[in-house]
Amino acid sequence: MPQSKSDSVDKGFWKNPIRCPAASLHLYFLFLSIPLVIFLSVWTPPFLSPDEPGHFARAYQIAGGKILGSDGGYIDEGILRLWNYISEGHFPPQVHYSPEYRAGAEEIPWTGNRVFYEFPNIAQYSPTGYLPQALGIMLGKSVGAGVARTLILARLFNGMMAILVCTFALFWCRAGKVFMFSVLLLPMTLCLFASASQDASLIAFTSLAFSLISRQLTEGSALSRGKIIVLLVLFLVISLGRPPYAALTLVL
C-alpha cells in the first residue's frame, strides 16, 4: 500500500530529525518549554500572573473537596497574608522582589485558620481546569511547605501537564503545526503555563482538539468513534472553563 504523507513525515524524522524540522517540532517544543516553564514558575513573584490569587484560591477549594463555587469561599488565611505581603511591597515602583523580600514571602505558613475570600469572577469556574494545581497544593501541604512554595508546586504541576498535552498535540497535528508551535512558545503562553491559572489547561486542550481536526482534514478521512468522543470531551472541558466558548463549537 502507498504511504500517506503523514507516515512519510514521521519516518523521515527518525531517519534525520535535523533535515525534517516539521516532524520534530514537538520535541523542540518539549526541550524549550520545560526549562522556561520551570524558571518562570520559580522566579515569578507569587500572585503576579494574571488573576493568580483567585485561581490559586479556587485550586485550594478543590484540593479541599469543594467542587462547586459561588461568589467566593473560605480559604486558608495564609493565602491572604501572602497576597497582602506581595501587594503592599511590590506594586510601588521603587521596591524590587529582592532575595530578602522573597525569603520573607517564603516564611508565611499555612495557618489552618479559614477566612472568607470573595473572588466571584473565578470561584464559579469548573474544577476541570484546576486538578493539577490542586494536586500541587495537596503535595505542598503534606510536606510542610509554606504558601509561597506550595504555589510554586501548583505552578509546576499545571505547567508540566500543559507541556505534555501540547507536546502530544504537536506530534499529532498536521496542517497548522508551525502556527501551533509558534503560539505555544509565545511568552504569554509560557507565563500562563507557569501559573495557577486554568488557562494552561484551556490552551493545552484546545491545541489537542485542533490537532485532531487538523489530522482528519489533512488525511481526508472520517473521525473514528473514539476520536469523536475525545473531541467532544475536549470541547466540553473547554466550554466548562469558558462557557461563552461553547458557541464557537457551532462553527464545526
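A residue is counted as buried when its relative accessible area is under 20%. By this criterion Arg215, with a relative accessible area of 9%, is buried in the predicted model described here.

A residue is counted as buried when its relative accessible area is under 20%. By this criterion Arg215, with a relative accessible area of 9%, is buried in the predicted model described here.

The protein contains twelve helices and two strands, which follow one another from the N terminus in the order α-α-α-β-α-α-β-α-α-α-α-α-α-α. Of its 252 residues, 46% count as buried. Among contacts with a separation of 6 or more, 74% join residues 24 or more positions apart. The accessible surface amounts to about 13,000 Å², and carbon and sulfur atoms account for 69% of this area.

The two strands, β1 (residues 72-76) and β2 (residues 114-118), pair in the antiparallel sense over five bridges. Within this pairing, Gly72 is placed opposite Glu118 of β2. Strand β1 is largely enclosed by the rest of the structure, because four of its five residues are buried. Asp76 belongs to β1 and has a relative accessibility of 2%, so this residue counts as buried. Beyond its neighbours within four places in sequence, Asp76 is in contact with Tyr60, Trp110, Thr111, Gly112, Asn113 and Arg114. The C-alpha atoms of Asp76 and Pro109 lie 9.8 Å apart, although 33 residues separate the two in sequence.

In one of them, the side chains of Glu52 and Arg155 meet at 2.7 Å, N to O. Glu52 is located in helix α3 (residues 52-63) and Arg155 in helix α8 (residues 147-172), so this pair ties together parts that are 103 residues apart in sequence. Glu52 counts as buried at 1% relative accessibility, and Arg155 likewise counts as buried at 1%. Side chains of opposite charge can pair when their charged atoms come close.

A further salt bridge joins the side chains of Asp199 and Arg242 at 2.8 Å, N to O. Asp199 lies in helix α11 and Arg242 in the segment after α12, so the pair ties together parts that are 43 residues apart in sequence. Both Asp199 and Arg242 are buried, the relative accessibility of Asp199 being 17%. Leaving aside neighbours within four places in sequence, Asp199 is in contact with Leu192 and Arg242.

An α-helix has 3.6 residues a turn, so residues three or four places apart point the same way. Whereas Arg215 is buried, Glu219 counts as partly exposed at 37% relative accessibility.

Helix α12 (residues 225-241) has 17 residues and should span 24 Å at 1.5 Å a residue; its end C-alpha atoms are 25 Å apart, which agrees. Its buried residues are Leu231, Leu234, Phe235, Val237, Ile238, Ser239 and Gly241, and these pack against α11.

Leu135 is found in α7 and counts as partly exposed, at 47% relative accessibility.

Key
Residues numbered from 1 in each chain as written. Predicted model: local features only at pLDDT ≥ 70, side-chain atom pairs only at ≥ 80, totals over all residues. Heavy atoms only, no water. Buried < 20%, exposed > 50% of the residue type's maximum accessible area, 1.4 Å probe, protein only. Pairing = 2+ DSSP bridges. Contact = heavy atoms within 4.5 Å. Areas by Shrake-Rupley, 256 points an atom, 1.4 Å probe, with all protein chains shown as cover. Expected span 1.5 Å × (residues − 1). Salt bridge = Lys/Arg side-chain N within 4 Å of Asp/Glu carboxyl O.
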